[in-house]
Amino acid sequence: MSLNGFWKSALGAAALAMACGAQAAPKGIAVTVEPEKHALGQDEDAVVRVTLTNTSDQPQYVLKWRTPFEGVDAPLFEVSRDGERVPYTGPLAKRGAPKQSDYFLLKPGASHTVKVELSALYDMSVTGDYQISYKTQSPDLFWNASTPEAREMRSEPATLWVDGRLPRGATPPTLDLEAMKRGTDPAPSAGGLSFARCTTSQQSTIVQAMQAGLNMASDSDAYMSKPSLGARYTKWFGAADSGRAAKVKANFAAIKDAFANKPVTVDCGCKKTYYAYVYPTQPYTIYVCKAFWSAPLTGTDSKGGTLLHEMSHFNVVAGTDDYAYGQSAAANLAITDPAKAVDNADSHEYFGENTPALQ
């Protein structure tokens, strides 16, 4: 490590001592994030210990997929380097609306700790001072939560120094969208669609689902070109603010273009119980999972809608997140937080599927 890096690591360790305390969520869950090491070389992984503690005198039920307890397939952390956002490079999964069995029980006073390899989920290839906070939010974060405040968990930031592969101030490839488009497109096959680990029958189903997704995206793009927006828009995206509407219009234009013109690969090897997932920095590969195969071709939570949902996640397309799953939560998000609704993948899917049909 360079002398500069040594001093930076020392400062980072000092900052950590002051800054990695817990911050309690409104429901009584305190979260801490602590790096295993406070200074890393370029060949070392950034590993943190995440602890959730129930500080209340009541049992708390936390949505499992908003914790790292069963792996990470959502951007559960806020990571920055020298004040600049660090992109999430892990998977984003489409799930159904949560059930009670999807919640993790923390008894009063209980804690649960897991280790997370952050450098496998966030681009930490550039040298610099990193700040890491646990920050996740969802209207379904706690079981039967009734207050808007009970939708977020966050920790105080932890700090570490990384002596990365790239020099300080460099632009990582995951932030260069044009380079990403050029460098990660798979070789196109006939019609722009290729398959991995799919049977002949599965390939036939995917061809139909891709056409259904394209039809939904094309219909959504046409709707967003209308001079006025009606109930279909407000149902899923909230009040028709001009800036937000322009973003949704651009999103569907990009989703339609991706279906029609980009070399998409669908991988059928996933054995997870949810619908599908993608890596947002790796266009245009979509991994379809168990729930995909039992979904209808069109309609609510359909095969075509699932592909539209996943296509919207790619950073080079619409860069959506998963703030809310299921029609009820997505419709509520449009009312309570339309700025997040226009960045929510299920909101785009339900707008595209349009069931029941709205004008």
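Residues count from 1 along each chain as its sequence is written, and side-chain values rest on heavy atoms, with hydrogens and water left out. Because the model is predicted, local features need pLDDT of at least 70 and side-chain atom pairs pLDDT 80 or more, while totals for chains, interfaces and linings use all residues.

**Exercise 1. The disulfides**

Solution. 
- Step 1: Apply the rule. A disulfide is a pair of cysteine sulfur atoms within 2.5 Å.
- Step 2: Take Cys-198 and Cys-268. Their sulfur atoms lie 2.0 Å apart. The angle about the S-S bond is 90°, and the link is right-handed.
- Step 3: Cys-198 sits in the loop between strand 14 (193-196) and helix 3, and Cys-268 in the loop between strand 15 (264-267) and strand 16 (276-278). The pair links distant parts of the chain, 70 residues apart. Helices (H or I, at least four residues) and strands (E, at least two) are DSSP runs numbered from the N terminus.
- Step 4: Check burial. Cys-198 and Cys-268 are both buried. Buried means under 20% relative accessible area, exposed means over 50%, and partly exposed is in between (1.4 Å probe, protein chains only).
- Step 5: Take Cys-270 and Cys-289. Here the sulfur atoms are 2.1 Å apart. The S-S torsion is about 100°, so this disulfide is right-handed.
- Step 6: Cys-270 is in the loop between strand 15 and strand 16, and Cys-289 is in the loop between strand 17 (285-288) and helix 6 (290-294), so parts 19 residues apart in sequence are tied together. Cys-270 and Cys-289 are buried.
- Step 7: Write the pairing. With the bonded cysteines numbered in sequence order, it reads 1-2, 3-4.

**Exercise 2. The largest pocket**

Describe the volume and the lining of the largest pocket.

Solution. 
- Step 1: On a 1 Å grid over the protein atoms alone, a pocket is an open set of points with protein on both sides within 12 Å along at least five of seven lines; lining residues have an atom within 4 Å of a point.
- Step 2: Read the volume. The largest pocket holds about 630 Å³.
- Step 3: Look at its centre. The lining has 25 residues, and the closest to the centre are Pro-75, Phe-77, Arg-85, Asp-321 and Tyr-323.
- Step 4: Find the strands. Strand 6 (77-81) and strand 11 (128-137) each give at least two lining residues. Strand 11 gives the most, with five.
- Step 5: Sort the lining. Ten residues are nonpolar, nine polar and six charged. Nonpolar covers Ala, Val, Leu, Ile, Met, Phe, Trp, Tyr, Cys and Pro; charged covers Asp, Glu, Lys and Arg; the others, Gly among them, are polar.

**Exercise 3. Salt bridges**

State how many salt bridges there are, and work through some of them.

Solution. 
- Step 1: Recall the idea. Side chains of opposite charge can pair when their charged atoms come close.
- Step 2: Apply the rule. A salt bridge is a side-chain nitrogen of Lys or Arg within 4 Å of a carboxyl oxygen of Asp or Glu. The count is 20.
- Step 3: Take Lys-37 and Glu-44. Their closest N and O atoms are 2.3 Å apart. Lys-37 is partly exposed at 41%, and Glu-44 is partly exposed at 35%.
- Step 4: Take Glu-70 and Lys-64. The N to O distance is 3.9 Å. Glu-70 is exposed at 61%, whereas Lys-64 is partly exposed at 23%.
- Step 5: Take Asp-337 and Lys-340. The closest N and O atoms are 3.3 Å apart. Asp-337 is partly exposed at 25%.
- Step 6: Look for shared partners. Glu-34, Glu-36, Arg-49 and Lys-115 are joined into one network of salt bridges.

Conventions: On a 1 Å grid over the protein atoms alone, a cavity is a set of points where a 1.4 Å probe fits but cannot get out, and a pocket is an open set with protein on both sides within 12 Å along at least five of seven lines; lining residues have an atom within 4 Å of a point. Grid points are joined across faces, edges and corners, and a volume is the space filled by probe spheres set on the points.
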